[in-house]
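Please look over the sequence and the structure shown here before reading on. The briefing is written for a reader who is new to protein structure and wants to follow one topic at a time.

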Amino acid sequence: MNVWSIKSILSWADTYFSQRSVDSPRLTAEILLAQALGLRRLDLYLQHDRPLEKQELAAFKILIRRRIAREPVAYITGHKGFFKEQFRVAPGVLIPRPDTETLVETAVEILSEMEDCGRQARVIELGVGSGAVIISIANACKSHLYFGSELSSAALAVACANAKSFARTPVSLFRGDWLAAVAPQPLFDLIVSNPPYIPSADIEFLAPEVRDHEPRQALDGGVDGLDAVRVILAQAGGRLLPSGHLILEIGFDQKPLIKSLVQGFSWVTELDFIKDLGGHHRLAVFKK
């Protein structure tokens, strides 16, 4: 009878995933085997000659089938690394992307300047999803007041769990559609959001991991991708303090559309665009 070791099963899974065009086949195999065995990835190499029990192989095969069906690795493992934490994620919750870390870094820069002036800011994220963005900002700049709204009950539950586990300063989360559930006063110094910005017609061309598994309401931005952006811009002007900022994540090719759109909002006095590490315009920063 063939006895599988950690080393041999990883080699087999690497080949199996490669033949089926799964992204990062070796890394995927390591993450899923570590999940099945309840080990760290490092432990796979420290114990590479360890033979696997029948039930361990069966558990690994279940995870392999889920990945071959193009279920995202983050949903299989139940967490995704973002900024400095491993945040919980689940089906129905948008998986945080590395590109979105640019949103956190930009917000932290703005808030750090306020801290240098001795100001305590009020900050809100619209559409918190897993909560990774607002929690990461709050952990980096602990002296401010933090809030977050989320329409999806499933996502809000995950965000609250993440806040309980990872937030090192209070973050108040509540159910709401953008700013609709927020009282007119007091106003905010900073509003951030990663709204849905993919044009509806482009959804079908996304990777199956995204198209078939992640929540469409967190992806679909309408005909031109800017439906949610319009709503947020219309609401934000009356909810920002003078010199306050709105930071929105946008599609890599949406800069011209945003520049045209913003002309209809007189409250915007400055508009800047910030690139991500890939060199794409990832953020639009509006100043009142």
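Predicted model: local features only at pLDDT ≥ 70, side-chain atom pairs only at ≥ 80, totals over all residues.

- Strand β3, made of residues 122-126, pairs in the parallel sense with strand β4, made of residues 145-150, and the pairing runs over 5 bridges.
- Within this part of the sheet, glutamate 125 stands opposite glycine 148, which belongs to β4.

**The helices on the sheet**

- Helix α6 spans residues 101-116, and its 16 residues reach 23 Å from the first C-alpha to the last, which is close to the 22 Å expected at 1.5 Å a residue.
- Several residues of α6 are buried, among them Leu103, Val104, Val108, Ile110, Leu111 and Met114.
- After α6 comes glycine 118, whose phi is positive, near 75°.

**Salt bridges**

- Side chains of opposite charge can pair when their charged atoms come close.
- The count of salt bridges in this model comes to 16.
- The side chains of arginine 282 and aspartate 99 meet in a salt bridge, at 3.6 Å from N to O.
- Because arginine 282 lies in strand β9 and aspartate 99 lies in the loop between β2 (85-88) and α6, this pair ties together parts that are 183 residues apart in sequence.
- Arginine 282 is buried, with a relative accessible area of 8%, whereas aspartate 99 is partly exposed, with a relative accessible area of 31%.
- Salt bridges that share partners join Arg26, Glu30 and Arg41 into one network.
- Arginine 40 forms a salt bridge with aspartate 43, with the closest N and O atoms 2.8 Å apart, and aspartate 43 counts as buried because its relative accessibility is 12%, where buried means under 20%.
- Glutamate 71 forms a salt bridge with arginine 66, with the closest N and O atoms 2.8 Å apart; glutamate 71 counts as buried at 13% relative accessibility, whereas arginine 66 is partly exposed at 29%.

Conventions:
Residues numbered from 1 in each chain as written. Heavy atoms only, no water. Helix = DSSP H or I, 4+ residues; strand = E, 2+ residues; numbered from the N terminus. Expected span 1.5 Å × (residues − 1). Buried < 20%, exposed > 50% of the residue type's maximum accessible area, 1.4 Å probe, protein only. Pairing = 2+ DSSP bridges. Salt bridge = Lys/Arg side-chain N within 4 Å of Asp/Glu carboxyl O.
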